[in-house]
Amino acid sequence: MCLNMMKRSLYIAVIVIGILLLTIIPSLPERTSAQNEKDYQLVYVETGDSLWSLAKRYVPKDKEIRKFIYEIRQLNDIDPSKLRPGELLKIPVP
């Protein structure tokens with residue numbers, strides 16, 4: 001009797017774990033080899049640079065500059081008023 005209860009408990013535990021895995025795995029962010037590759041270039045901030053001037057220098061022709069500035073801010077987690085010469089920024093590349 002005890003052996004049957006253990007088997008039943010193990011069976012239920014396996015089912016519960018399987019259901020949890022099936023619900024958690026699809027919600028994880030997808031990682032492909034293309035996403036793991038570097039999709040930015042590193043640029044040093046020079047005296048007089050602003051996010052606008054940097055974005056203007058590197059923005060792709062098909063992208064609106066304000067959206068590009070937003071991407072730079074998100075990628076670097078920065079406040080534009082705290083941009084300093086010598087700081088290293090990641091600039092998105094197409």
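This is a predicted model: local features need pLDDT of at least 70, side-chain atom pairs count only at pLDDT 80 or more; totals for chains, interfaces and linings use all residues.
**View 1. Helix H4 and its span.** Helix H4 comprises residues 65-76, twelve residues in all, and reaches 17 Å from its first C-alpha to its last, which is close to the 16 Å expected at 1.5 Å a residue. At the start of the helix, a side-chain oxygen of Glu64 reaches to within 3.1 Å of the backbone nitrogen of Arg66.

**View 2. Asn76 and its contacts with residues 88, 89 and 90.** Asn76 belongs to helix H4, and its relative accessibility of 16% places it below the 20% cut-off, so it counts as buried. When residues up to four places away in sequence are not counted, Asn76 touches Leu88, Leu89 and Lys90. A polar atom of the Asn76 side chain lies 2.8 Å from the backbone nitrogen of Lys90.

**View 3. Asp77, the residue that follows H4.** Asp77 comes after helix H4 and has a positive phi, near 50 degrees, and its place is in the loop between H4 and S2. Most residues other than glycine have a negative phi; Asp77, a residue other than glycine, has a positive value. In contrast to the buried Asn76, Asp77 is exposed, with a relative accessible area of 72%.

View 4. Leu89 lies in strand S2 and, at 1% relative accessibility, counts as buried. Leaving aside neighbours within four places in sequence, Leu89 is in contact with Gln41, Leu42, Val43, Val45, Leu51, Leu54, Asn76, Ile78 and Leu83. Among these contacts is Asn76, a residue of helix H4. The C-alpha atoms of Leu89 and Arg73 are separated by 9.3 Å, although the two residues are 16 residues apart along the chain.

Definitions and conventions: Residues are numbered from 1 along each chain as its sequence is written. Side-chain values use heavy atoms; hydrogens and water are left out. Helices (H or I, at least four residues) and strands (E, at least two) are DSSP runs, numbered from the N terminus. The expected span of a helix is 1.5 Å times one less than its number of residues. A polar contact is a pair of N or O atoms within 3.5 Å; within protein, one must be able to donate a hydrogen and the other to accept it, and residues adjacent in sequence count only if both atoms are side-chain atoms. Buried means under 20% relative accessible area, exposed over 50%, partly exposed in between (1.4 Å probe, protein chains only). Contact means heavy atoms within 4.5 Å.
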